[in-house]
Amino acid sequence: KWSGRCLECGGWGTLQMQTVDQKTADKLISVSPAEVIDLEKLGPPNESQRLKTNLEELDRVLGGGLMAGSLILLGGEPGIGKSTLVAQTADAIGQNGQAVIYASGEESAGQIKVRFDRLGIKAANVKFLSETNAEKIIATIKKLKPSLVIIDSIQTIYLSSVAGEAGSLNQIRGSAVRFLETAQASNVAIILIGHITKDGAIAGPKSL
């Protein structure tokens with residue numbers, strides 16, 4: 001509407017029209033350049049850093065064992081043996097004197113212990129975590145600094161900072177990204193278990 005009086009100072013006939021250029025250079029955000037790594041100066045990868053599972057076929061699929069700092073998705077139909085496979089993997093890593101965290105939102109500590117006993121697994125270096133909050137699991141990883149972390153399953157995990165229930169696309173995607181960042185920052189191998197539905201797709205997230 002028409003106005004002849006300034007709302008700030010109360011003066012009359014003091015208003016002036018101005019044109020503001022929205023593309024001024026002073027509005028550009030200053031960003032520091034990313035660190036560049038010269039690949040030629042890097043030495044050959046240290047294969048001794050790989051964690052051997054002592055399961056010949058699994059080690060072959062993983063390129064010789066679990067690589068520290070890697071994020072691995074283990075998918076399959078319910079009951080196909082995913083939890084059994086990761087239990088055997090945890091046993092192999094634990095027997096080498098390296099710490100393992102087994103985080104499960106689907107099974108209790110008693111159920112995990114029954115499976116370990118059935119498989120003849122000694123859980124000396126395997127720590128069980130009955131938790132579905134991703135932030136708490138990540139905080140535990142940073143505190144204990146294990147060599148291997150198993151998340152059973154990603155469909156039960158949620159982030160407090162992300163909207164939606166556990167198992168939703170936003171939660172699965174957000175949790176996976178946070179675990180990937182944690183794996184790289186903490187140099188720990190993380191295995192995510194993902195269930196597959198009847199139509200053969202990973203439950204919820206095709207983008208996982």
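Of the 208 residues of the chain, 36% count as buried (under 20% relative accessible area; over 50% is exposed and in between is partly exposed, with a 1.4 Å probe and protein chains only). The model is predicted: local features need pLDDT of at least 70, side-chain atom pairs count only at pLDDT 80 or more, and totals for chains, interfaces and linings use all residues. Residues are numbered from 1 along each chain as its sequence is written, and side-chain values use heavy atoms, with hydrogens and water left out.

**Overall make-up**

- The chain has 5 helices and 5 strands; helices (H or I, at least four residues) and strands (E, at least two) are DSSP runs, numbered from the N terminus.
- Starting at the N terminus, the order of elements is α-β-α-β-α-β-α-β-α-β.
- Of the contacts between residues at least 6 apart in sequence, 67% join residues at least 24 apart; contact means heavy atoms within 4.5 Å.

**The sheet**

- An open sheet is formed by 5 strands in the order β1-β5-β4-β2-β3, with parallel pairing; two strands pair if DSSP finds at least two bridges between them.
- β1 and β3 (126–129) each have a single partner strand and stand at the edges, so one side of each has no neighbour in the sheet.
- On average, neighbouring strands of this sheet are turned by 20 degrees against each other, direction ignored.
- β1 pairs with β5 in the parallel sense over 6 bridges, and L73 stands opposite L192 in β5.
- β4 and β5 also run parallel, joined by 5 bridges, and D152 stands opposite I193 in β5.
- In a regular strand, side chains alternate between the two faces of the sheet.
- In β1, the covered face holds I72, L74 and G76, while L71, L73 and G75 are on the uncovered one.

**Helices on the sheet**

- α2 lies across β1, β2, β3, β4 and β5, and runs at about 170 degrees to β5; axes are lines fitted to C-alpha atoms, for helices over the stretch in contact, and angles run from 0 to 180 degrees between N-to-C directions.
- α5 packs on the sheet and touches β1, β4 and β5, its direction making about 160 degrees with that of β5.

**Nonpolar cores**

- The largest nonpolar core has 20 residues, and L66 and L148 have the most contacts inside it; such a core is a set of buried Ala, Val, Leu, Ile, Met, Phe, Trp, Tyr and Cys residues joined through side-chain atoms within 4.5 Å.
- β1 (71–76), α2 (82–95), β2 (100–104), α3 (109–118), β4 (148–152) and β5 (189–195) each supply at least two residues of this core.
- α2 gives the largest share of this core, 4 residues.
- Another core, of 19 residues, lies apart from it, and I137, I154, L159 and F179 are among its members.

**Helices α4 and α5**

- Helix α4 (residues 134–144) and helix α5 (residues 169–186) pack at an angle of about 5 degrees, and their axes are 11 Å apart.
- α4 and α5 are therefore roughly parallel to each other (angles under 35 degrees; over 145 is roughly antiparallel, 65 to 115 roughly perpendicular and the rest oblique).
- A134, E135, I137, I138, I141 and K142 in α4 meet S175, R178, F179, T182 and S186 in α5.
- T182 lies in helix α5 and counts as buried because its relative accessibility is 6%.
- Leaving aside neighbours within four places in sequence, T182 is in contact with I138, I141, N187 and V188.
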